[in-house]
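Open the model in your viewer and follow the stops below. Each stop gives a selection and what to look for.

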Amino acid sequence: MASIVERVQSGITITVPPPQPEDGIINYLSQVGQIGLIVVVAIAAGAMSFDSRGGISTFLRSRANGMWELVAPRFTVNAAGRRPRQHPRIAGRVVRDCVTPRVAARRRDARRSAVRVGVPVFVVAVVAASASFTRGTLGTVGIALAVLIALSIVGTIGAVHDWLPSTLSGATVELLSTTQLADYTASLLTAIAAAALLVWLSVARLGRREI
């Protein structure tokens with residue numbers, strides 16, 4: 001940056017602050033956030049759309065004691081992502097850093113970990129519920145993305161912004177600067193409650209679906 005400024009400046013003093021590790025993290029999270037969301041939705045939709053093929057659907061349904069046995073593992077694996085074993089440690093780290101004095105960096109890491117748990121849980125729950133309204137993977141992806149985009153648009157309204165699960169999508173970046181985990185308590189609780197309701201809806205609707 002210093003070399004670029006030195007070559008293009010024309011009598012104007014430009015001061016460039018030294019780069020910080022947080023700057024790289026913020027840029028990375030901003031760029032991959034939307035792509036990662038689409039990937040999570042697509043993978044979860046493929047797992048939840050087991051009714052898209054009649055033979056597989058009949059095979060699975062005839063061997064399960066109930067729809068919960070088909071939905072629960074698919075929801076859990078996709079919500080946990082590739083690092084399910086880290087979730088207990090994340091929860092423990094959040095509690096530990098809230099009740100004991102730690103350096104600011106450790107507390108920020110714990111806050112971001114709490115948010116990272118809430119976002120995929122809600123997103124996969126939306127996908128699960130979407131799968132109960134259509135049989136195909138593409139249809140499930142379309143409905144889920146439409147719901148998530150609609151929530152983001154509604155989130156621009158200040159009165160409900162703090163309560164919407166979509167607020168958590170930008171929390172990981174914002175927690176690196178000035179916001180606190182308490183600023184996202186309402187949206188985190190809403191995401192967890194909504195996820196439970198959506199999974200229940202998925203189980204209920206898929207259980208009544210005719211093959």
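Start with residues 82–95. This is a predicted model, and pLDDT stays under 50 over this stretch. The model has 11 contacts for residues 82–95 beyond four places in sequence. Next, select residues 101–106. Here, too, the pLDDT is below 50. Beyond near neighbours in sequence, residues 101–106 have 7 contacts in the model. Where pLDDT is low, the predicted coordinates should not be read in detail.

Now colour the protein chain by confidence. Its mean pLDDT is 78, and 69% of its residues reach 70 or more. Which helix has the lowest confidence, and which the highest? Helix H5 (residues 86–99) is lowest, at a mean of 46. Helix H4 (residues 68–80) is highest, at 93.

Move to the largest nonpolar core, which has 35 residues. Select Val41, Met48, Met67, Phe75, Phe122 and Val127: these touch the most other members. Then show helix H2 (21–48), H4, helix H6 (104–131), helix H7 (137–154) and helix H10 (185–208), which each supply at least two residues of this core. H6 gives the most, with 9 residues.

Zoom in on Val127. What does Val127 touch, not counting residues up to four places away in sequence? Its partners are Val41, Ala44, Ala45, Met48, Thr140 and Ala144.

Finish on H10. Then pick out the buried residues of H10, including Leu188, Ala191, Ala195, Leu198, Val199 and Leu206. Ser187 and Ser202 are buried there too.

Note on methods: Residues numbered from 1 in each chain as written. Predicted model: local features only at pLDDT ≥ 70, side-chain atom pairs only at ≥ 80, totals over all residues. Heavy atoms only, no water. pLDDT = per-residue confidence, 0-100. Helix = DSSP H or I, 4+ residues; strand = E, 2+ residues; numbered from the N terminus. Contact = heavy atoms within 4.5 Å. Core = buried A, V, L, I, M, F, W, Y, C linked by side-chain atoms within 4.5 Å. Buried < 20%, exposed > 50% of the residue type's maximum accessible area, 1.4 Å probe, protein only.
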